[in-house]
Amino acid sequence: MTDQRVKVGGSDLEVFPLVLGGNTFGWTSDEATSRKVLDEYVEAGGNFIDTADVYSAWAPGNAGGESEIILGRWLAVRGNRDKVVVATKVSEHPQYKGLSHDNVIAAANESLLRLGTDVIDLYYAHFDDKSTPLEETAAAFDELVRAGKIRAVGLSNYTADRIEEWFRIAREHGYALPVALEPHYNLVTRGNYERTLAPVAARENLAVFPYFSLAAGFLTGKYRSASDAEGKARQGMVADYLTADGFAVVDALDAVAKAHGVAIATVALAWLRHRPQVAGPIASARTPEQLPALLDSVSLELTADEIATLDKASAPFTK
């Protein structure tokens, strides 16, 4: 496996071009399985783990923070904190909703405790909080940078206008500038990112880390007809893709995958990696067995013709 690294915007962070999503830790992956996934990801050259304080408050019996706790315990046991880049997020934890100054500071301190570390490498504003002035939020993030509690600022699920406003405020006050953007982007969700976010990301040198990079499993090829999704846990999440256009994308991925002897998911992630500003897609593995297909995407180089084929097949999703 490659040991290549990519820079995160204008920061000094250098990361593996496949981000391991931590949303499954403490949800669909128990602690023992989560540790195996983490071990195998790192053994393959990976060094960038993306979580959030809210993971996984939605699961029965969970309060939020479970993923951070499991990740923190693993870091402590392995003694490898200095070799791993940790990203987490604020605004959605049930006890720390929103992006007011006091909430951001308190939530960051709680995340630091759960992660068992004294610094968060990349701290994201998870969802925009329109009820709090951006000046207040940007100031709180800058305060955390100055205090040495976070190394860099990231934005997730922000509109282009709000990203530009954050930069304007940060420059006006001398605050730390965001270095990363985490948007919803994949072969069957292209329009908003490519039309509105990509130009801002390019202009401001934001490293882009797309989430839902496999469209809730649709881009693994497991659904070849609408009936394949019936009764499945993610039926509602993939419903919009269960169309002739969606299946045409899977067919195109399948053809490219067979040409390279790799999994369909591998090609879907490699396509994202080839996109402008994308530093690495985020992908989660519920079990270690799911990891190889994800990791293979880092070394898969698609030809110009293959990229054009995938672009054409997914063109209906650019609207």
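Me: Helix axes are lines fitted to C-alpha atoms over the stretch in contact, and angles run from 0 to 180 degrees between N-to-C directions. In this predicted model, why is helix α8 called roughly perpendicular to α9?

Reply: The axes of α8 (residues 244-260) and α9 (residues 264-273) cross at roughly 100° and come within 8 Å. Angles of 65 to 115 degrees count as roughly perpendicular, so that is the term for α8 against α9.

Me: Which residues make the contact between α8 and α9?

Reply: From α8 come Val 250, Leu 253, Asp 254, Val 256 and Ala 257, and from α9 Ile 264, Val 267 and Ala 268. Each such contact means heavy atoms within 4.5 Å.

Me: Why is Asn 103 called buried?

Reply: Asn 103 has 11% relative accessibility. Buried means under 20%, so Asn 103 counts as buried. This residue lies in helix α3 (residues 101-115).

Me: What does Asn 103 touch, not counting residues up to four places away in sequence?

Reply: Asn 103 touches Val 90, Gln 95, Tyr 96, Lys 97 and Gly 98.

Me: What makes the pair of Gly 98 and the side chain of Asn 103 a polar contact?

Reply: A polar atom of the Asn 103 side chain lies 2.8 Å from the backbone oxygen of Gly 98. The cut-off for a pair of N or O atoms is 3.5 Å, and 2.8 Å is within it.

Me: Ser 91 and Phe 212 each have a positive phi. What are the values?

Reply: Phi is near 135° for Ser 91 and near 50° for Phe 212. Each is a residue other than glycine. Ser 91 lies in the loop between β5 (85-90) and β6 (92-93), and Phe 212 in the loop between β11 (207-208) and α7 (235-238).

Me: How do you know whether Ser 91 and Phe 212 are buried, partly exposed or exposed?

Reply: The relative accessible area of Ser 91 is 2%, and under 20% means buried, so Ser 91 is buried. Phe 212 has 37% relative accessibility. Exposed needs over 50% and partly exposed is in between, therefore Phe 212 counts as partly exposed.

Me: Which form does the peptide bond from Tyr 55 to Ser 56 take, cis or trans?

Reply: The bond is cis, with omega near -5°. Ser 56 is placed in the loop between β4 (48-50) and α2 (66-78).

Notes: Residues are numbered from 1 along each chain as its sequence is written. This is a predicted model: local features need pLDDT of at least 70, side-chain atom pairs count only at pLDDT 80 or more; totals for chains, interfaces and linings use all residues. Side-chain values use heavy atoms; hydrogens and water are left out. Helices (H or I, at least four residues) and strands (E, at least two) are DSSP runs, numbered from the N terminus. Buried means under 20% relative accessible area, exposed over 50%, partly exposed in between (1.4 Å probe, protein chains only). A polar contact is a pair of N or O atoms within 3.5 Å; within protein, one must be able to donate a hydrogen and the other to accept it, and residues adjacent in sequence count only if both atoms are side-chain atoms. Angles under 35 degrees count as roughly parallel, over 145 as roughly antiparallel, 65 to 115 as roughly perpendicular and the rest as oblique.
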